[in-house]
Amino acid sequence: MNWKKIIAIAKKDIKEATQNKSVWLPILIVPLIFVVVMPLMMILIFKNPELSKSMNNTDIEQLMSVLPEFMKAHVAGMNEIQTMIVLMLGYFFAPFFLMLPLMFSTTIAAESFAGERERKTIEALLYTPVSDAEMFIGKALASLIPAVGISWASFLGYIIVLNAGAYSVIGRIWFPLTNWYPLIFWVSPAISLLGIAITVLISAKVQTFMGAYQTSASLVVLVLGILAGQATGILALSVSVGLIMGLVLWLVDAVLLYLAIRSFNRYQLLQTSAA
């Protein structure tokens, strides 16, 4: 395994992805919505005096009845507005952050092979002196590194937005919560790799970048399932749940990447491109 060749492929793909408007435009817009626009809008809504008057103890009690004990303990002693901000933005909003690395990684990975077909550069790449495994790993790294980096940067931005936006209500620096650390630093890279392995294989079989991206977008259903589970009280993203979830994803990644590398064949890809 020649890591110099792998890194060279990764650098080339990252450079080409930054020059593709269809790739970097969603990467700029999506974090802006999830990290800035939606949290600030929710904070402003919760801080609205009319909402404070409309909320009653019955509403809060109904919400608290479906919460796990660690969430109840965290908001104990808070007023209604503080409770809603912490629960919604500190806990229930967490699964949305799994969409970010998944969307970033699948966007870049979809461009990996299908994008080269559109630029008519796939034949030159296929004849370069690298093994199939080196080519696959290089393209996977080209998606994983930016996706994880942007996700972590988005998390930093989210910390600033929440603490600054809700400081007048909470009265202290309250975020991040402990359950976010395994989610961001353990689960997030694992779900990125899952999306990459599937998307690179898809992009090797379809003819266009948009075709590969739209097909791989169905992976978001996985995150929506986590979101629905937490909203209904079936699944709570505690620290232990995050660690277990990440472990399962990493194991799935290992199996999927092993199968993907073994099944990837550049000559078959060339024939598909020619067809």
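A: First, a convention: helices (H or I, at least four residues) and strands (E, at least two) are DSSP runs, numbered from the N terminus. Pro-176, for example, lies in the loop between α10 and α11 (180-203). This is a predicted model, in which local features need pLDDT of at least 70, side-chain atom pairs count only at pLDDT 80 or more, and totals for chains, interfaces and linings use all residues. Residues are numbered from 1 along each chain as its sequence is written, and side-chain values use heavy atoms, with hydrogens and water left out.

Q: Which peptide bond is cis there?
A: The bond from Phe-175 to Pro-176 is cis, and its omega is near 15°. Most peptide bonds are trans.

Q: What is the mean pLDDT of the chain?
A: The mean is 80, and 77% of the residues reach 70 or more; pLDDT is the predictor's confidence in each residue, from 0 to 100.

Q: Which elements have the lowest and the highest mean pLDDT?
A: Helix α12 (residues 209-216) has the lowest, 55, and helix α10 (residues 167-170) the highest, 92.

Q: Now the packing: how do α2 and α6 cross?
A: The axes of helix α2 (residues 21-47) and helix α6 (residues 80-92) come within 9 Å and cross at roughly 160°. Axes are lines fitted to C-alpha atoms, for helices over the stretch in contact, with angles from 0 to 180 degrees between N-to-C directions. The two helices are therefore roughly antiparallel (over 145 degrees; under 35 is roughly parallel, 65 to 115 roughly perpendicular, the rest oblique).

Q: Which residues of α2 and α6 meet?
A: Pro-39, Met-42, Ile-43, Phe-46 and Lys-47 of α2 meet Ile-81, Met-84, Ile-85, Met-88 and Leu-89 of α6, where contact means heavy atoms within 4.5 Å. Nine of the residues in this contact are nonpolar, none polar and one charged (Ala, Val, Leu, Ile, Met, Phe, Trp, Tyr, Cys and Pro are nonpolar; Asp, Glu, Lys and Arg charged; the others, Gly among them, polar).

Q: And α2 with α9: parallel or antiparallel?
A: The axes of α2 and helix α9 (residues 132-165) come within 10 Å and cross at roughly 20°, so α2 and α9 are roughly parallel. The residues of that contact comprise twelve nonpolar, three polar and one charged.

Q: How many aromatic pairs are there?
A: The count is 17, where rings of Phe, Tyr and Trp (its six-membered ring) pair if their centres lie within 6.5 Å, with planes under 30 degrees apart stacked, over 60 edge-to-face and the rest tilted. Phe-97 lies in helix α7 (residues 96-119) and Tyr-158 in helix α9, so the pair ties together parts 61 residues apart in sequence.
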